[in-house]
Amino acid sequence: MEAFLFIPCLVEHVLPHVGEATTAVLVRAGVTPTLPKGQTCCGQFAYKRGRADLVRPLARRFVEIFQDAPAVVCPSGSCTAMVRRYPSLFAEDDPFREQAAQVAAKTFELGQFLVERLGLTDLGARCDLTAALHGSCQTTRVLGAGSATEALLAKVAGLTLVPLARPERCCGFGGAFSIDYPEASEAIVAEKIDDIVASGAEAVITAEPSCLLNIASAMAKRDLPIRALHLAEVLAGEGI
Amino acid sequence: MTKTAHDFAKASAKALGDRQSRAILHKAIGHIRVLRQRSVNAMPDFAERQARAVAVRDNTLAKLPELLEKLEASVTAVGGRVHYAETAASAASLVTAILSERGAKLVVKGKSMVSEEMGLNEVLEAAGIEAVETDLGEYIIQLAGQRPSHILAPALHVSKEQVSDLFARKFGRTSTDIPEMTRIARDSLRQKFLAADAGITGCNIAIAETGTVTVLENEGNIRLSGSCPPIHIALMTLEKVVETLADAAVVLDILPPAATGQTLPVHLSFFTGARREGERDGPQEMHLVILDNGRSDILADPKLRSILRCIRCGACLNVCPVYQSVGGHAYGTVYPGPMGSVISPLLKDNPGDPRQPFACTHCAACSEACPAGIDHPALLQELRRRVSETETDLPVAAFSLLARHPLLFGGAAAVGRLFDPKLREVAAVAPDAPVGRFLRCREFPGLARPFSRRFKALARRLKRLQGGRA
């Protein structure tokens with residue numbers, strides 16, 4: 001099977017290794033990944049600022065780029081959730097709404113794609129780690145793909161998952177929130193890191209690149225020896 | 001934004017600097033969270049209860065004018081009087097007039113957020129009427145000259161030790177033993193109940209078919225406030241009405257577990273009118289004040305009206321990462337947290353920071369916890385849209401423009417990668433610019449060689465590997 005890679009801008013320019021791991025995982029799952037040209041940003045940033053008008057041109061670009069894809073796979077719950085929301089940005093009588101709905105329906109977050117679309121949970125991955133799962137809010141509550149992440153991690157050999165005291169709690173990134181309210185964002189991510197440290201984990205795993213960047217960079221500032229890994233990196237194991 | 005508008009960003013930064021208050025809040029919220037979880041876990045039918053409650057709340061919103069007329073007729077039939085107030089200020093004057101006309105000098109109050117919304121205590125004081133809060137938390141707040149920080153637990157942000165110090169100052173008598181502290185408050189309050197000319201309470205649910213004001217509490221002070229003094233004035237906002245007693249039971253099925261993790265509160269009072277002929281006790285007069293304060297406009301707004309389903313359980317506050325971190329006072333409004341961030345900007349008096357709907361991490365914990373099925377994230381999104389329509393958001397507009405042109409978008413990243421990959425220069429030159437603010441507590445990993453430039457070689461390598469395996 002073939003799938004088009006939908007690479008979030010954050011992954012393209014800041015976390016390219018997450019894109020590489022995603023590619024490796026798809027190949028391991030027997031999928032041939034294609035990277036269509038011209039991808040930029042899904043428009044989530046503008047959307048959460050209340051500017052659907054600025055998202056519409058980006059949604060049109062996205063739909064054009066991906067309309068011929070057999071399936072669209074993205075290593076981000078929040079960007080997938082944004083694309084799933086595209087149809088709602090266009091009026092009921094706008095013919096583009098239907099086009100957007102078709103692309104939205106075949107766009108999946110990586111874990112969701114593997115479990116719900118391919119019916120795979122065991123990818124034969126090995127990762128010798130004691131880790132905590134940060135189930136990103138956008139992946140779990142907004143997109144509803146949290147159980148897929150958990151099912152995939154449960155099958156990773158060598159991986160011991162330790163619980164966080166407040167696993168459902170946000171990491172405090174929230175896109176523009178971390179810029180508009182830096183003190184509150186800092187306080188929330190500090191609590192998340194406290195929970196991670198208290199769990200005794202050597203690593204924290206998440207399916208969301210923005211949580212990954214937020215938690216990893218805040219841990220780096222504190223010089224903590226805890227790794228932050230994307231789900232794809234764990235599933236890719238030694239594959240790349 | 002007007003000059004006088006509240007600034008949540010500044011207020012929250014200040015609140016976050018107060019480590020002691022943060023620790024108290026943290027502990028208290030953790031406690032409520034555990035209680036709620038335990039209670040919801042013990043109710044296998046929580047989802048069904050929730051669905052029934054949503055249906056009852058939606059019935060109210062669909063038939064509100066009719067139900068209010070019915071409520072007025074029922075209250076009148078049991079000897080009460082109904083008063084409508086369009087604004088918080090007019091409601092406060094109305095209550096003050098009722099009391100002044102009857103020469104009332106001392107009023108006991110059961111906990112009421114609507115009274116806070118009216119700013120009633122200040123108005124009463126100006127009219128020479130002493131108003132004493134009788135809910136223990138609210139009493140503590142009143143003695144300390146503060147405002148409630150949580151809609152259910154007004155003194156959530158105050159520690160036992162702080163209350164002990166406060167009592168020592170106010171009563172010359174104190175303790176750190178909670179039963180003993182409660183006794184100290186009770187000794188003072190009991191005299192007030194007996195001497196009061198009137199009692200003011202809130203209203204959790206008003207029942208249209210019976211004219212009943214339903215109130216939930218754990219202390220008994222509301223029952224005393226509504227039954228002991230000769231005049232009872234109940235305050236409600238117009239969406240608190242339900243059609244039937246059975247409907248009230250449906251709301252009661254969900255309110256205590258969502259609020260405090262209880263199956264039922266310690267006291268559940270049904271106040272139905274004034275003392276009837278031949279009855280030996282109860283108030284001689286009963287007044288029900290129904291406040292609008294912008295809610296009719298919300299009802300007429302199909303995109304926002306679902307916020308009026310709210311039953312004020314506080315569950316959304318207890319799970320909100322922003323509320324949990326900054327506390328209730330930073331909001332500068334009567335209603336904080338997610339429900340407050342939706343409703344406050346829509347109220348006519350004291351709308352708070354117009355940008356409050358932006359102070360959200362989009363985590364959706366609020367809608368998940370809400371027993372009334374309110375989709376706070378969607379409502380906040382709609383409010384953000386309305387605020388954004390009126391302003392120019394340069395960074396977002398610029399970013400969106402770049403994102404329409406892949407060459408420019410990639411080019412901008414390439415320039416950054418070349419000159420300042422870790423964004424240290426930007427952060428040093430402009431610590432208050434967006435990037436600078438983000439980097440205050442974070443070590444940016446750096447702009448890297450884009451994935452799209454690595455993909456071809458990677459795909460070839462993976463194909464070879466895969467081929468080798470097969």
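Chain B contains 24 helices and ten strands, where helices (H or I, at least four residues) and strands (E, at least two) are DSSP runs numbered from the N terminus. The model is a predicted one, in which local features need pLDDT of at least 70 and side-chain atom pairs count only at pLDDT 80 or more, while totals for chains, interfaces and linings use all residues. Residues are numbered from 1 along each chain as its sequence is written, and chains are lettered from A and ligands numbered from 1 in the order in which they are written.

Along the principal axes, the C-alpha atoms of chain B fill a box of roughly 95 × 50 × 50 Å. Of the 470 residues in chain B, 48% are buried. A residue is buried if 20 or more other C-beta atoms lie within 10 Å of its own, exposed if 12 or fewer, and partly exposed in between, with C-beta atoms placed from the backbone. Among the contacts in chain B with a separation of 6 or more, 73% join residues 24 or more positions apart; two residues are in contact if their C-beta atoms, placed from the backbone, lie within 7 Å.

Two residues of chain B other than glycine were examined for their backbone angles. B:Arg312 has a positive phi, near 55 degrees, and is located in the loop between helix H14 (295-299) and helix H15 (315-319) of chain B. B:Arg312 counts as partly exposed because it has 18 C-beta neighbours inside 10 Å. The phi of B:His362 is also positive, near 60 degrees, and this residue belongs to the loop between helix H17 (337-343) and helix H18 (365-369) of chain B. B:His362 has 22 other C-beta atoms within 10 Å and is therefore buried.

Two packed helices are described by the angle between their axes and the distance between the axes. In chain B, the axes of helix H3 (residues 46-62) and helix H12 (residues 245-252) come within 8 Å and cross at roughly 135 degrees. Axes here are lines fitted to C-alpha atoms, for helices over the stretch in contact, and angles run from 0 to 180 degrees between N-to-C directions. H3(B) is therefore oblique to H12(B), given that angles under 35 degrees count as roughly parallel, over 145 as roughly antiparallel, 65 to 115 as roughly perpendicular and the rest as oblique. At this contact, B:Arg52, B:Ala53 and B:Val56 of H3(B) meet B:Asp247, B:Val250 and B:Val251 of H12(B). The residues involved are four nonpolar, no polar and two charged. Ala, Val, Leu, Ile, Met, Phe, Trp, Tyr, Cys and Pro count as nonpolar, Asp, Glu, Lys and Arg as charged, and the others, Gly among them, as polar.

Between the chains, 53 residues of chain B are in contact with 53 residues of chain A. On the side of chain B that touches chain A, H24(B) gives the largest share, eight residues. By class, this side of chain B has 33 nonpolar, nine polar and eleven charged residues.

Chain A is assigned domain 1 (2-116) and domain 2 (122-236), with bounds from an automatic or database domain assignment. The C-alpha centres of these two domains of chain A are 22 Å apart. Contacts link 29 residues of domain 1 of chain A to 25 residues of domain 2 of chain A. The side of domain 1 of chain A that touches domain 2 of chain A comprises 16 nonpolar, eight polar and five charged residues.
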